[in-house]
Amino acid sequence: MRMTWIPTAAALAASLSVLPAFAQENGTLTVYTYESFTAEWGPGPQVEKAFEAECGCDLAFVSVADGVALLNRLKLEGSGTKADIVLGLDTNLTADAKATGLFVPHGADMAAVDVPGGWTEDTFLPFDYGYFAVVYDTQALETPPKSLKDLVEGDPEQKIVIQDPRTSTPGLGLLLWVKAVYGDEAPAAWAKLRSRILTVTPGWSEAYGLFTSGEAPMVLSYTTSPAYHMIAEGTDRYQAASFEEGHYMQVEVAGITTKGADNPHSARFMAFIATPAFQDAIPETNWMYPAGETSKPLNPAFERLVEPTRTLILAPETVATNRKAWVDEWLAAMSE
C-alpha cells in the first residue's frame with residue numbers, strides 16, 4: 001500500500017456502476033454501507049436474512065471502502081443517488097451529511113436507543129458505538145504507548161498503520177483525537193508521528209489486514225477489536241493500549257435519503273435497527289457496542305476490554321466547520 005491514497009472523481013464515478021441489477025426491482029431496499037459491514041464475516045448477511053424475513057422484500061447492500069467514502073459518494077451522486085438508506089456515517093459526519101439536503105427525518109422510536117450521552121437527533125439513528133484505540137501485537141511490542149503523547153514521541157522503529165481521514169471514519173477519528181488533545185499544536189504532533197507511520201490505507205480493513213499479517217506492531221482500530229481475537233481465535237495476543245488522555249468516541253448511524261423517503265421499507269428498516277434482530281449481529285460481527293437492546297448479554301470478553309478514563313468527542317457542527325482545514329493540516333504535515 002502506498003503512503004497515501006487520493007480518491008479521484010473518475011475512480012468514484014467508476015464505482016457507481018457496481019449497483020446490483022436487482023436493486024431496480026420493485027420491493028427492494030437499497031442500503032449503502034461500508035465493505036466490512038457487508039463482508040461474509042460482517043453483520044450484513046445476518047441483518048439481510050433477518051430483515052428480508054420480516055419485510056418480504058429484497059435488501060440490497062452496496063458497499064464502499066469506509067464511512068467517509070460513503071459521504072463522498074453520496075455527494076457525487078446528489079439527488080440521483082440510488083440509496084434508500086445510508087448506514088455507516090458517524091457523528092463526525094452527520095452535520096456535513098445534513099447539509100447535503102439528501103436526508104429526511106428517520107421517524108423511528110428512539111426509546112430503545114442506548115448510547116453514552118443519550119440521543120435526540122431526529123435525522124440519523126445510531127446502530128452501534130465504540131472508542132478508537134491503538135491496537136498492538138503483544139508478541140511484537142513489549143511496552144505499548146500509554147498516551148497519545150507516547151505514540152507521537154515514541155520509537156520511530158515501532159510502526160503503526162493508520163487510515164486516511166479523507167475516506168475513512170477511523171482515519172478521521174484519529175485526526176479529531178489528535179486535534180482534541182493537541183489543539184493548535186496538532187500539526188506539530190503529526191509531523192512527529194509521521195516517522196512512525198508505516199502506511200496510510202483508504203479504509204479500516206486494509207489497515208487491520210496489514211497489522212495482523214505482521215507488517216506493523218500497531219494499528220488504529222477500536223478498544224473492542226481484541227474481543228474478536230479473544231472470542232473467535234481464542235487468543236489474547238492483540239490488545240488495545242489505554243491512553244491517559246482518554247479515547248475518542250464514535251457513534252455510527254443510519255439515515256433515510258430523500259429517495260428512500262418514497263420507499264415503504266425505509267421506515268421499517270430504521271425501526272428494525274433498534275431491535276434485537278439487528279443489534280444481536282453487532283457485538284460479534286461488527287465488533288462494536290450495540291446501540292440498543294440485545295436478546296442476550298454480551299460475551300464476557302467484552303468485560304475485559306479497555307474502558308476509557310475519559311471520553312473525547314467534538315460536536316458534529318465543529319467538525320463540519322473545520323474538517324477541511326484540519327485535513328489540510330494533516331496533509332501538509334504528512335507531506336513535509
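Me: Which residue in β3 does valine 31 stand opposite?
Reply: Valine 31 stands opposite isoleucine 85 in β3. Helices and strands here are DSSP runs numbered from the N terminus, a helix being H or I with at least four residues and a strand E with at least two.

Me: What sort of model is this, and how are residues numbered?
Reply: This is a predicted model, in which local features need pLDDT of at least 70 and side-chain atom pairs count only at pLDDT 80 or more, while totals for chains, interfaces and linings use all residues. Residues are numbered from 1 along each chain as its sequence is written, and side-chain values use heavy atoms, with hydrogens and water left out.

Me: Back to β3, then. How many bridges join β1 to it, and do the two run parallel or antiparallel?
Reply: Two bridges join strand β1 (residues 28–34) to β3, and these strands run parallel. Strands are said to pair if DSSP finds at least two bridges between them.

Me: Which strand is joined to β3 by five bridges?
Reply: That is strand β10 (residues 247–257), which runs antiparallel to β3. Isoleucine 85 has isoleucine 256 as its bridge partner in β10.

Me: Why is β3 described as largely enclosed?
Reply: Strand β3 (residues 85–90) is largely enclosed by the rest of the structure because six of its six residues are buried. Buried means under 20% relative accessible area, exposed means over 50%, and partly exposed lies in between, using a 1.4 Å probe and protein chains only.

Me: How many residues of β8 are buried?
Reply: Five of the five residues in strand β8 (residues 218–222) are buried, so the strand is mostly covered.

Me: Which strands are joined to β8?
Reply: Strand β5 (residues 124–137) is joined to β8 by five bridges, and the two run antiparallel. Within that pairing, valine 134 has leucine 220 as its bridge partner. Strand β6 (residues 160–163) runs parallel to β8, with two bridges between them. There, valine 161 stands opposite valine 219.

Me: Changing topic: what does glutamine 239 touch?
Reply: Apart from neighbours within four places in sequence, glutamine 239 is in contact with Val134, Val135, Tyr136, Thr138, Pro226 and Met230. Contact means heavy atoms within 4.5 Å. Glutamine 239 belongs to strand β9 (residues 238–240).

Me: Is glutamine 239 buried or exposed?
Reply: Glutamine 239 counts as buried because its relative accessibility is 18%. Its side chain reaches the backbone oxygen of aspartate 236 at 2.9 Å.

Me: Which residues of α10 are buried?
Reply: In helix α10 (residues 225–232), the buried residues are Ser225, Pro226, Ala227, His229 and Met230. They pack against β5, α9 (204–212), β8 and β9. Just after α10, glycine 234 takes a positive phi of about 65°.

Me: How many disulfides does the structure hold?
Reply: The structure holds one disulfide, a term for a pair of cysteine sulfur atoms within 2.5 Å. Cysteine 55 is joined to cysteine 57, with 2.0 Å from S to S. The link is left-handed, with -85° about the S-S bond.

Me: Are these two cysteines buried or exposed?
Reply: Cysteine 55 is buried, with a relative accessible area of 11%. Cysteine 57 counts as buried at 6% relative accessibility.

Me: Last one: where is glutamate 35 found?
Reply: Glutamate 35 is found in helix α2 (residues 35–38). This residue is partly exposed, with a relative accessible area of 37%.

Key
A polar contact is a pair of N or O atoms within 3.5 Å; within protein, one must be able to donate a hydrogen and the other to accept it, and residues adjacent in sequence count only if both atoms are side-chain atoms.
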